[in-house]
Amino acid sequence: MIIRRLLLIIGAALAILIAGDSSLSGNQLSTAINFVLPKEWKITTPEGIDSSLERVSLPQFILHYQDCPLINAGKLEVQWFERNSIILDNAIVDYSCLAKFPESSESSSSITLDDIKPVLASLPNGFVSVKSLSWVNLPEEMNPRLKVLLSSPSSSEIRFEQDILTAKLTQQALSFSAKFANNQLTAKADYQPSKDEKHQANLSANLDSDLTSLPKQFQLDYQWQLPTALVTKDLQKGSAKMTAQKVADNQLNGEFSAQFANSNNKVKLPFKLVDKTLSLEKNQLAWEITEGIVIQGELDGKITPNSFKVSELYPIQTVFSLDLSQSSQPKNRIKLSTEEGEIDEDYLSLPLQIVGQSKHGNFTINSNVGVDISGELNDIKLSVLPESLIEVTGKERFLTIKELKFPLGGVRVDKYGINGRLQASFKGESPDFKNIELNLDGFATNFKAGSNFFEKAQDGTDKWQWLFWGNSQFHALKSKLLIAGSGHWQGDLIELSEFKGNLEQVKQNGVEVPKTELVITKAVKYDYRKDDLKGAMRLSAPKMKFEYGGELDKPVANLRFWGPIEHLDFDGNIMAGKLGPVKLKAKRHLTANSSDFIGELQWPEQPASDFQGLIPHRQNWVITNGTAKGDTKFTLNFNQGLSSSGNVTLRNGGLSLTDSDLNGIEFSLPYKYDEKGFDLSYKKPLDLKIAEVNIGVPLTNVKVKVQGRLPATEKSPIRLRQLSLNLLGGSLDVDQFTLPQQQVAYLNLHNISFEQILELTQYRQIELRGRANAILPFWLDGNPCYICDGRIEQAETSYLKFTPELMKAIKKAGYTEQLLAYTVNDSKVNELTAIVHLEEEGNMFLDAKIRSQLVEHEKTKINLNYTHKENMFELWQLINYGSQVEQNIEHSIYQKLDKR
């Protein structure tokens with residue numbers, strides 16, 4: 001009926017043009033044509049018409065639909081003498097006018113070739129040509145490729161000669177040609193939007209008299225070349241072919257095949273179309289997705305439309321099953337299946353079951369998921385059925401996934417995102433942690449997981465909020481870590497708003513921390529697209545104890561961090577009691593097999609008493625004076641543990657011991673610390689200086705060089721070299737000895753004053769003037785002896801004289817004592833040698849030889865052999881008793897001031 005009405009309008013318009021006068025005005029012509037057009041349509045001809053018995057020429061006309069200028073055409077020429085032709089120089093189509101067209105109301109009757117043949121028979125031999133056709137007001141949302149095509153002018157021609165209908169269309173990127181004769185249709189299309197992209201299609205079909213019924217025979221050949229930006233190399237070039245042949249009135253058998261120029265992959269899918277059902281039965285697939293990995297499968301399915309008539313196409317019933325596996329790993333198998341799927345004109349219902357195991361990169365994914373895909377076509381919803389679960393194992397960069405579970409029952413996905421309860425549980429390892437167990441439970445509202453596939457919800461929500469908890473073993477410190485907190489994921493940003501971690505006892509390399517608490521002081525935010533992490537945290541512990549006895553009270557570290565996860569930067573400060581703040585700067589480097597925390601500590605000069613905690617309580621040492629500063633470079637590695645190196649400087653230090661004092665302590669200590677302990681010989685020996693040591697015997701200007709490791713062992717002792725000091729008017733030096741001592745050491749005494757010895761012992765009955773030298777082999781632990789046969793010699797002539805009180809007492813004694821006093825008193829000692837031996841129990845044995853003469857009787861020479869035995873420990877306690885009382889009182893005051 002539509003075709004007949006269209007022919008009537010065209011015939012009437014041509015009759016008016018042929019019968020019209022050559023001087024027919026534009027308004028008269030428009031009125032005549034509009035008389036036969038439907039009321040929604042009208043035409044205007046601003047410049048009138050030029051007509052004769054051979055042709056008609058219309059310089060311009062505008063075709064309106066509901067007062068919208070649908071077509072604006074220039075120079076239309078119709079000729080019927082010698083040749084039949086309609087030629088249009090140019091035409092512009094306004095796309096916006098198409099929006100005014102009503103929805104088509106399809107006729108229920110079929111279109112047959114018998115309906116078209118009268119139309120073709122009524123057409124004279126000739127052609128219709130449009131030299132230039134272009135479109136304006138194209139919508140922004142139009143497909144970009146179609147928009148580019150319509151934006152460029154095209155030319156077209158339709159020709160009918162000897163019952164053969166041909167058509168051509170040419171455009172900048174597209175050329176199309178078609179031919180129809182004797183129920184046989186052939187067509188060819190070439191599309192080349194760029195030099196890297198080409199498409200070519202060839203169609204041939206033998207049509208049935210009823211165009212809505214199955215064709216008798218059909219073949220489509222298609223070749224393509226695509227840029228690498230759109231597809232992988234394997235799919236870049238190839239060809240596809242579809243053939244079909246009618247084998248019965250209601251059955252069409254066909255096959256679809258494809259092959260690819262850059263790979264061995266081929267697709268071959270035979271199919272059947274019976275009545276209204278398209279069937280795919282046991283189609284075998286094989287596809288090499290990467291070199292050596294071939295996916296093979298079997299496809300069964302049915303698609304059944306309600307009718308092949310456009311107006312009665314829906315609903316379409318679907319059933320399919322796709323079973324996929326990997327040829328080299330048959331266990332990697334996954335099956336997708338649906339039953340009773342239905343596609344309506346504006347509605348979809350597709351229950352889908354996904355079961356099996358698949359491998360993707362370094363991951364193995366086990367799926368048992370049931371989903372219901374349904375809803376209006378512009379608002380599809382995916383609802384996950386109860387008991388649905390996805391399990392993942394594998395490795396991602398530095399993370400080993402032993403078990404990752406996603407219970408998905410009740411989750412809903414729609415055009416705005418993911419909604420519902422969303423959970424996860426994880427077990428695995430990383431370079432920092434082993435035996436990780438982490439649980440996460442939360443609720444998603446229009447959550448997009450960073451994807452731009454979803455639309456923006458009207459309320460602006462896009463969030464997954466969750467709580468998390470779990471535990472792990474911290475590699476580097478060999479301690480269990482418990483964590484808990486909350487956070488959310490919105491857009492590209494993952495944020496921890498609350499976090500608390502508890503690290504159990506750490507005991508490593510001579511350091512013990514009872515427990516450590518970790519909290520975030522500034523929300524931790526991670527932009528995963530930029531791989532950017534930032535936040536702040538605080539670590540605190542009640543104490544840090546050292547194996548040798550020292551400790552730090554309430555150590556606290558405040559840290560800020562930022563950067564990529566694998567290369568984080570840190571800065572902050574550390575305090576412990578009065579110590580600090582110590583400035584920290586560090587970097588964290590993370591790889592698949594290692595985690596390194598590399599940094600530097602610096603603390604400014606501060607009172608040395610702030611370091612009091614580093615001295616063991618049992619030693620009862622109190623720092624009384626001085627300032628200290630230092631710096632340390634350190635590395636924390638989960639395989640090698642903690643190592644560090646640096647320098648500590650002490651100036652004008654003072655130390656009070658229970659029975660002695662040290663003042664004017666100066667040193668610059670370069671050290672290195674690792675799993676073996678402290679290395680004091682790192683770079684150079686420790687150069688220790690002490691201005692004064694008061695241990696009953698006044699020692700001054702003490703100097704010694706120290707190198708070695710702490711704790712000291714027999715295999716790795718502390719070495720002391722070039723020990724020297726001043727005492728008793730002379731000096732003492734020791735070339736070298738070790739701690740623990742492994743061989744005898746030698747104390748070398750020079751110019752020791754006899755007068756100061758007597759003063760020290762508070763022995764006032766004699767006067768002895770002179771100096772002595774000595775070499776004393778000694779052992780610090782007294783085993784086998786403290787001093788082993790040491791030798792004493794006088795350094796200069798000495799003088800000995802008894803006090804009047806002693807002489808008076810001697811005169812009252814016996815004859816022998818008087819004789820001895822006469823021969824010794826007021827004598828000049830020319831030679832003095834002695835052997836001294838001090839046992840482990842404190843017993844001293846002295847064997848002395850004296851060669852002397854009387855001062856008043858120079859010719860009187862006396863030789864004496866003298867032996868003496870006494871317990872020196874008892875003597876020393878007696879001599880030093882008064883000094884110890886004074887030192888103990890002073891030390892007690894220092895301890896109270898130190899609040900210990």
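So, Trp464: leaving out anything up to four places away in sequence, this residue touches Leu422, Leu440, Gly442, Phe443, Ala444, Phe447, Gly487, His488 and Trp489. Keep in mind that we're looking at a predicted model here. Trp464 also belongs to the largest nonpolar core, which has 96 residues, and together with Phe570 and Leu727 it touches the most other members. There's another core apart from that one, with 14 residues, including Leu29, Leu37, Leu58 and Leu76.

Okay, on to Ser472. You'll find Ser472 in strand E28, which runs over residues 463-474. Is Ser472 buried or exposed? Well, its relative accessibility is 7%, so it counts as buried, the cut-off for that being under 20%. What does its side chain reach? That would be the backbone oxygen of Lys434, at 3.0 Å. Lys434 is also on the contact list for Ser472, next to Phe433, Asn435 and Ile436, and then there's Ser479, Lys480 and Leu481, again not counting residues up to four places away in sequence.

Last one, Ile520. This residue sits in strand E33, residues 516-527. Ile520 has a relative accessible area of 17%, so we call it buried too. Now, which residues does Ile520 touch, if we skip those up to four places away in sequence? One group is Leu496, Ser497, Glu498 and Phe499, and the others are Ala536 and Met537. If you want to click on one pair, take Ile520 and Phe499: they're 21 residues apart along the chain, and their C-alpha atoms are separated by 5.8 Å.

How values were computed
Residues are numbered from 1 along each chain as its sequence is written. This is a predicted model: local features need pLDDT of at least 70, side-chain atom pairs count only at pLDDT 80 or more; totals for chains, interfaces and linings use all residues. Side-chain values use heavy atoms; hydrogens and water are left out. Helices (H or I, at least four residues) and strands (E, at least two) are DSSP runs, numbered from the N terminus. Buried means under 20% relative accessible area, exposed over 50%, partly exposed in between (1.4 Å probe, protein chains only). Contact means heavy atoms within 4.5 Å. A polar contact is a pair of N or O atoms within 3.5 Å; within protein, one must be able to donate a hydrogen and the other to accept it, and residues adjacent in sequence count only if both atoms are side-chain atoms. A nonpolar core is a set of buried Ala, Val, Leu, Ile, Met, Phe, Trp, Tyr and Cys residues joined through side-chain atoms within 4.5 Å.
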